[in-house]
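I opened the notebook today to look up two things. Here is what I checked, in the order I checked it.

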Amino acid sequence: MIQDNKNLKLENTYCELPNIFYSKEIPEKILNPKLVEFNKELAEDLGLDLKFLNSDEGIQYLVGNKLLEGSTPIAQAYAGHQFGHFTMLGDGRAILLGEFISRNGQRFDIQLKGAGKTKYSRGGDGKAALGPMLREYIISEGMYGLKIPTTRSLAVISTGENVIREEILEGALLVRIAKSHIRVGTFQFARNFGDVEDLKKLADYTLNRHFKKDSYEGNSYLYLLKEVINNQAKLISKWQLVGFIHGVMNTDNMTISGETIDYGPCAFMDSYDINTVFSSIDINGRYAYGNQPKIGVWNLTRFAESLLPLLDDDIDNAIKIAEEALSNYGKLYNEYYFNGMRAKLGLFNKEEEDENLILSLLTIMNKFKADYTSTFLNLTLGNLEEMSIFKSDDFKKWYESWQARLAKQNKSRDEIKKLMQSNNPTVIPRNYIVENAIKAAVNNNDYSVINKFLEALKNPYDYSNISEEYSKIPEVPSCPYKTYCGT
Ligand code: AMP
Ligand code: MG
């Protein structure tokens, strides 16, 4: 446990894996590091020493100029399907400093994003720019506030160095905290570039790190597959329920822990439209909002393929076992999604008519280009004058059937409202607010805008103090807002 600088010890159990899985690296020295964002609450929750990490000496450790006791910095090897094409990847601009055990006994990775070239950098410089690192900080912390599993951001540190992209940008590092950085792509790497023993060691390590050993009997690798399928079905349903579009759901960006990872071109949908795409490189809309659940199972199929040699000695049998596990995904996803939607509409129990009720509201929202988050916010508040959709006959008819459905359950208005409030956020990391906050920081060195926004993002389900500024619908909808990998 890390309590003060003397006890600030790291481990790296990942190095117990065969050495094809990583490359030992030393982060590039940063001459002029400046802490521009620091997540005090996260540091406290994790049991890290706040005062030390905030000190001049602490920053030297945070950026990897000095190494904490027990730290063995590595870049992890992984492969992956990028937009459907398989390739060898690996941490090209991230270095894992090590692992630590938090206050409540959970093991976490501490990783530097933008720490310089590694064995896996290919043509890249291993660096990151300030804007995108602040963006990951804001959106990942926003996701945490929304109660969606995610990697967290402990700090952003400007390096004082230039990073050359299409223009010259200020460099920065993000200190990322994650349950682990094991990805679907890590298993694809093991299957394609290692032998069965390597694959087995990775699977055993993963089981040991993330899943309760005593909760499974029989083939533990099938258990691993089933758990990952379940966790991803749950995670992606949560994305859909808040209108989050990841933007680059390549298999290397899908974790085994079930945490959202790699905030590059992600963004939140404004008007409800399943075809919404923000990423400038997603020309065919492979990762559009409405495609995310399907891509989930596509990626999980790649995971299952990687595990085949461990599922059964007979390959045909192994395929059958994997297919059966995968066939459960749709049912799990629908269950999570419709349960979540029911809660958004104040429904406590399940009735056959619910799916129709939910889908017809979405159809009306699509027809009127209604803002996704605001529609549910206004339904919760009962502000039915607020939006044009509410004046339509389609909606009036729908509203009657919703009220009739609400009356069927034995719940008070107050109980219904509470359920809706805890499922419909008043604030999300909206594109234009995120952009303005980053601009103020990068162009004017003014971090007050980000910090105020981050405060609001901590409690998105708090209806006692709704911010008018942050719950406002953008005057110009953010489509065709473009996001870039420029990360
Ligand atoms: P991402 O789009 O963040 O998921 O990254 C995809 C792959 O590109 C990963 O293997 C990254 O490590 C690598 N990569 C991204 N940016 C850089 C960079 N500036 N230098 C080296 N590798 C990079
Ligand atoms: Mg990635």
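Predicted model: local features only at pLDDT ≥ 70, side-chain atom pairs only at ≥ 80, totals over all residues.

From H8, I noted Val 297, Leu 300, Thr 301, Ala 304, Leu 308 and Leu 311. Their partners in H9 are Ile 315, Ala 318, Ile 319, Ile 321, Ala 322 and Leu 326. Sorted by type, the residues of this contact come to 11 nonpolar, 1 polar and no charged.

Next I looked up the geometry of the pair. H8 covers residues 292-311 and H9 covers residues 315-326. Their axes come within 9 Å and cross at roughly 145°. I also wrote down the hand of the crossing, which is right-handed.

Then I turned to ligand 1. How many residues surround ligand 1? I found 17, and the closest are Gly 90, Gly 92, Arg 93, Asp 125 and Gly 126. The shell splits into 2 nonpolar, 7 polar and 8 charged residues.

I went through some polar atom pairs too. A polar backbone atom of Gly 92 is 2.6 Å from an oxygen atom of ligand 1. Arg 122 places a polar side-chain atom 3.1 Å from an oxygen atom of ligand 1. For Arg 165, an N or O atom of the side chain is 3.5 Å from a nitrogen atom of the ligand. Last entry: ligand 1 taken alone exposes 490 Å², and the protein buries 84% of that.

Note on methods. Residues numbered from 1 in each chain as written. Chains lettered and ligands numbered in written order. Heavy atoms only, no water. Near = heavy atom within 4 Å. Polar contact = N/O pair within 3.5 Å; in protein donor to acceptor, adjacent residues only side chain to side chain. Areas by Shrake-Rupley, 256 points an atom, 1.4 Å probe, with all protein chains shown as cover. Nonpolar A, V, L, I, M, F, W, Y, C, P; charged D, E, K, R; others polar. Axes fitted to C-alpha atoms, helices over the stretch in contact; angles between N-to-C directions. Helix = DSSP H or I, 4+ residues; strand = E, 2+ residues; numbered from the N terminus. Left-handed = near helix turned anticlockwise from the far one by under 90°. Contact = heavy atoms within 4.5 Å.
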